[in-house]
Amino acid sequence: MDSSQPVNPYIAGSPVTGTEMFFGRQDVFSFVKRNLIGQHRDTPVVLYGQRRTGKTSVLYQLQRNLDPRYRCVFIDLHGLNLNGTGNLLLGMASAISRGLRRDHRLTVEVPDRAVFLADPQSVFETSFLDAVWDALGEDRLVLMLDEVVRLDEEVKAGRLDHGIFEYLRHLMQHHPRLSFIFSLGSGLEELRKDYAYLFSVALYHRISFLEPGAARELITQPVAGHYQVAPAAVQKILAITSGHPYYTQLVCHCLFDRWTGAPKPVMEAADVDAVLAEAIELGSANLTYVWEDSLPEEQVLMAGMASAMPGRNKPVTFRRVQNAWREAGVSPPAAELASALRSLTAREILTGSRACAFTVDLQRRWLDKHRRLDWVKEELPRTVEQWPRTARATRRVGYLALAAAVLLVAGYLTAAGVARIFPFPAPGRGPTPQLLNLLPGDLRLNEQECQVTAPPGQWVMPGMVQALRCSDPGLTGGTVYAFQSDSSAHFQAGWRNFNTWWGFPATGAGKVCPPSGTARGIEVSSTNSFLPSDDNQAIECGPLRPGGGGTVPAFAFSYPLDFIFVVAEGGPGSSFATLVDWLNQPAQPAQVAAASGVAAPAPLATLTQLLPHDVTDPATQCSAHPPPFAAPGLVQGLACNDPGLPGGGVTAYQLNSFAAYQAAWAAFNTWWGFMSADGGTACPPDKSGLGTAPWTSSSFPTRVGQVLECQYAGAGTAQAEPAYAWTYPTENAFIVAQGGPDSTFGTLSNWWMRDMSSRSTLTVTAVSPSTGPAAGGTTVTITGTGLAHATRVSFGGAAARIVSDSDTRITATAPPGSGTVDVTVTTAGGTSEVVFADLYTYS
Amino acid sequence: MAGNPFTYGNPIRDPRRFFGRAREVEQIFGRLRNEEFESSSVVGERRIGKTSLLNYLANRDVRAAAGLDIDRYAFVYVDLQMVDEAMGPEQLWRRLLVLLRRQCADPGIAEMVTDLGQRDRLDTFDLDELFAEVDDRGLHVVFLLDEFERVTENANFGPDFYYGLRSLIIHHKLALITSSRLELIELCHSEAVKSSPFFNIFANINLRQFSPADFELMVSRSLDGTPVVFSPAELGHARDLAGLHPYFLQAACCVLFDSHQQGLAEADRTAFLAEKFRAEAVPHLVDYWDNSAENEKIVLTAAALLERTARPVRGFSVKELQGVFSRGEPWVEQLAKRGLMMSWESGYQLFSSVLGPWILDQIVAELSEEKVYHDWLADNHGAVDQIAGKQGGPLRDILPKIGTRYRQLIITWASDPQTVIAMAGLLKTVLGLAS
């Protein structure tokens, strides 16, 4: 041991109270400054986020960043005796007195303890606060209350009177020079939606992970006098921690220790690998805490995910997690896992949408070492069998409810008429992002066509978060309603009530929408690889009587995982055809929206982009193919050899409009002799030999009429072969695949599931090299999944020239640029999410 | 005659006799030297040397050499075995303050501590005032809390205690170095305490076995100045008996030194060491066994059986273990963390050559137990059911030969359908039932 050894600067556990090791968060400082001095100056500020994301550190730094006329006093409610209002107020008074004395050189005496406790509320406000205002002169007092959930806990435990909230509200209303900043250790997403309206008046800012730039500074700057961290090592740390402040500090702490043991000028990615085991051991308390603070179903999901992604933090689908458990002889209820997925994503432990990974790879590594699936299976036998709600579940809800109560106080503080920022929607405000995202037609891009409306009067919607009513000029006289509930149970109840009102399930309803040969139809989707089977989405269609008058055509779409359903009604006298046309129109922002910079709709995919994955080279495998049926408006017809269909093949067609597509699809079915009414509802088909099933693609939006048909092509002849035909309504296209001689529906189904249904999720996992000159020209390899048929590679918004592409790799030439930028890939399925792994730095 | 330089009864207090742990010491001191004065939690099995480490850290010369100026850093070691069921937070704080008073050179702080000790009541706010004064004077306080599970397992110490302590640690120059047998979060008396954020301010420092270099250093430094020299064979024998476990190494070396002092011939010294060491080790092996989870006991038993069949070389691969207990891997890792298993080539071995035979000796029934097997069976209908079917078939011959206390363990082990045949075969070989 050598006392002259350099001190490890990284802080792995405690809040950062000094300035040298604090990076980023300028957005928070700007937010608070703006709101303390602007028109919202009387509005309390709430900083919220999961534990360990640095909220306390931010409060410490805020004190240094505010105008000195704002006298900040930090009060950690963990450090106060909250047994009774008197003790709480006495503790606050003492903290204020000491804070003003130590940090601001102002003297304010705390009244005698006995006097104070005899009438705490009055003494605090009159004797004490008046003395504070005298001492402050023209300045303001900013109380920074950390760990405010303790108030809720103490009220719930009966040690603190609920009236404390009223009293705090009173203080805030009557002392204009008093400002509050609350720190709340949870995500607002976790708060019960019952309380959503309570949060309608405070100003909120989430404290999440560090921005990439700040994280890079944290990794490189503190050690700049000792060693360099190689770009690959920086990248590695970012990939492992995602910029989580605690875990980034932890890994860097271990890296510094490694350097101390064997100093060298540059620490490489291999050095990062070498310290990860130690980082997990040092950080064990936090990694264990995440586990211990999770509900049983969350633990089951995490263990299943770690098992399903052996060796690396690669996103996995829900179904793979289920399969991992099934291989262990256990079938966890999908609904429970879906619920766990939502909460773990909200807690930022998991990330992703269609496929998920761990936000912090250290957590996966910890699970791999300490909570393997078979071990968890042994630990949670009763959970796996019965899924009981433990006391911890109650505790979490309880503490969140209490936090909600605190925020209610915050909300009361704001005078009416102040412009507000809403973490949750409130009556009179805009749609929630979830609702907006699921609106049909082009409403998603034309938010101004929707208004928050009152709950429906015709049926009961328990736990409703928001109802929207939208009108669109293209839907002449028609209306779209959307309803969001606060829980799966409430969604199910609301959807059931709506259906009862509408007359569903209806006798004789068909299985397709728009209804064909029947008055009503119901399609149930179960092919999305990420949806639990009991969370099936449904599309219903039938006549609806909006209110007293005649009937109109209507569709209803359910989204069980989002607790949302949407009802689209055509105008009086309209037909299902016009409603379907409107529902399937490409998303078009209205003029106003476009002018304000709303993103333009994505172009349609080309036909080659829709081909099965094993048609890897359409230029050589495909040739032009005139359709043997009427297809006015044909853009392209292709016939392709497919190695997965020996002796068979693929034909594909794309039309120039939705109407042309509909006509061509109908003509194809006539030509094909497909009689849907005679068949079953599944593909591969039942003994009837033909079937119709809805299907969804992970790459394209699901639309009405998106269907998979199956039958023997050439039925009735000696050469009958199994065939699938499926549609892409949003792309005005459909594809037909036919097996070869002697093939079966089984082999065709397997091929289809592999090459069509399991389309890779679009992700970028690495960019190599990750640096290059500002002039551009560097040949960069982008690795990931779902990259085939990329239409654009962007370096911070600038397009790169694509040299070659495949499903897992793209080679591109970097355009000129500066700074550190995200490299994203766009395919017909969308654009890759921005991740740490996609960063590229211009040197 | 030279005095025996090896001791193993009490924790080591003389820093000159403290060997190894350089990495752990630097990690702990490094966290105290950084800007935020951070806490650490030392975790290790009984006798692995936690108390010795805390004593070493608290030594004035040691910490002065580490750059923690003795005038500005007060290190207060507290053995929490004194915390009994009746003790609560306030009494503990009063005890800590008395000890702080003794260690703190600053007269102003000493006076405040004395004043606090004389008050009728003491709460977190009083403590906050004290540690604010500590900050103002540029001082730092480190409480070294040995056997901290005595607190975490005590229901008198509720969440408020941990909230308050965490707040003091975060906002002041106060740090804790705790020691405990398991990670603190595993030793909480309630879910409420377990979910407290208190534990996540600590870095976890696991104490495992010595490295071979630590062992060599311990022997060479200890024998330095004595006329005794251990032969390589003797050192190998000592290591085979004691593994690299510091306590058992001290015990083995102590016995070996005695045998030299007694002038025994080399062959006699070997026998003397084996006999005396076993007598010394067994009470501790009993303690480890009793504090093992059921799956750990199964793995220990499986390891003992595998090592016996693998003679003369001890050790087994994870695959071999999974062949007789498919769920064994996480538990063998847990045992390695506790120091009861050691890495061996690509697998593991029991840390001591004494442990395997001792386990097998324990599980084999005595004749009297075997004779009353049917009485036991009559009282254990569940066991009868479990061995009635195809899966339990192999157990019918085995169970009578197993000691009464261990039969349920064997039945649990046999509930692993993938490995019941292999495990039964292994047991039959050892029990002399193999055809």
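Over the ring of which residue does the charged end of Arg52(A) sit? In this predicted model, the charged end of Arg52(A) is placed over the ring of Tyr246(A), 5.0 Å from its centre. A charge is taken to sit over a ring if NZ of Lys or CZ of Arg is within 6 Å of the ring centre and within 35 degrees of the ring normal.

| Charged residue | Aromatic residue | Distance to ring centre |
|---|---|---|
| Arg52(A) | Tyr246(A) | 5.0 Å |
| Arg407(B) | Trp376(B) | 4.9 Å |

Residues are numbered from 1 along each chain as its sequence is written, and chains are lettered from A in the order in which they are written. Local features need pLDDT of at least 70, side-chain atom pairs count only at pLDDT 80 or more, and totals for chains, interfaces and linings use all residues, while side-chain values use heavy atoms, without hydrogens and water.

**Aromatic pairs**

Rings of Phe, Tyr and Trp (its six-membered ring) pair if their centres lie within 6.5 Å; planes under 30 degrees apart count as stacked, over 60 as edge-to-face and the rest as tilted. By this rule there are 65 aromatic pairs over all chains. The ring centres of Phe256(A) and Trp259(A) are 5.5 Å apart and the planes stand at 50 degrees, so this pair is tilted. Both residues belong to helix 10 (residues 245-261) of chain A and are three residues apart, about one turn of the helix. Helices (H or I, at least four residues) and strands (E, at least two) are DSSP runs, numbered from the N terminus. Phe256(A) and Trp259(A) are both buried; buried means under 20% relative accessible area, exposed over 50% and partly exposed in between (1.4 Å probe, protein chains only). One aromatic cluster includes Trp459(A), Tyr481(A) and Phe565(A).

Chain A contains an open sheet of three strands in the order 8-10-9, with antiparallel pairing. Its edge strands are strand 8 (316-317) and strand 9 (350-352) of chain A, each pairing on one side only. Strands pair if DSSP finds at least two bridges between them; three bridges join strand 9 to strand 10 (residues 355-358) of chain A. Helix 13 (residues 296-308) of chain A packs on the sheet and touches strand 8, strand 9 and strand 10 of chain A, where contact means heavy atoms within 4.5 Å.

Val321(A) lies in helix 14 (residues 318-327) of chain A and counts as buried because its relative accessibility is 2%. Among the residues that Val321(A) touches are Leu301(A), Met305(A), Ala308(A) and Val316(A). The C-alpha atoms of Val321(A) and Ala308(A) are separated by 5.8 Å, with the two residues 13 residues apart along the chain.

Notes
Axes fitted to C-alpha atoms, helices over the stretch in contact; angles between N-to-C directions. Lists of a residue's contacts leave out its neighbours within four places in sequence.
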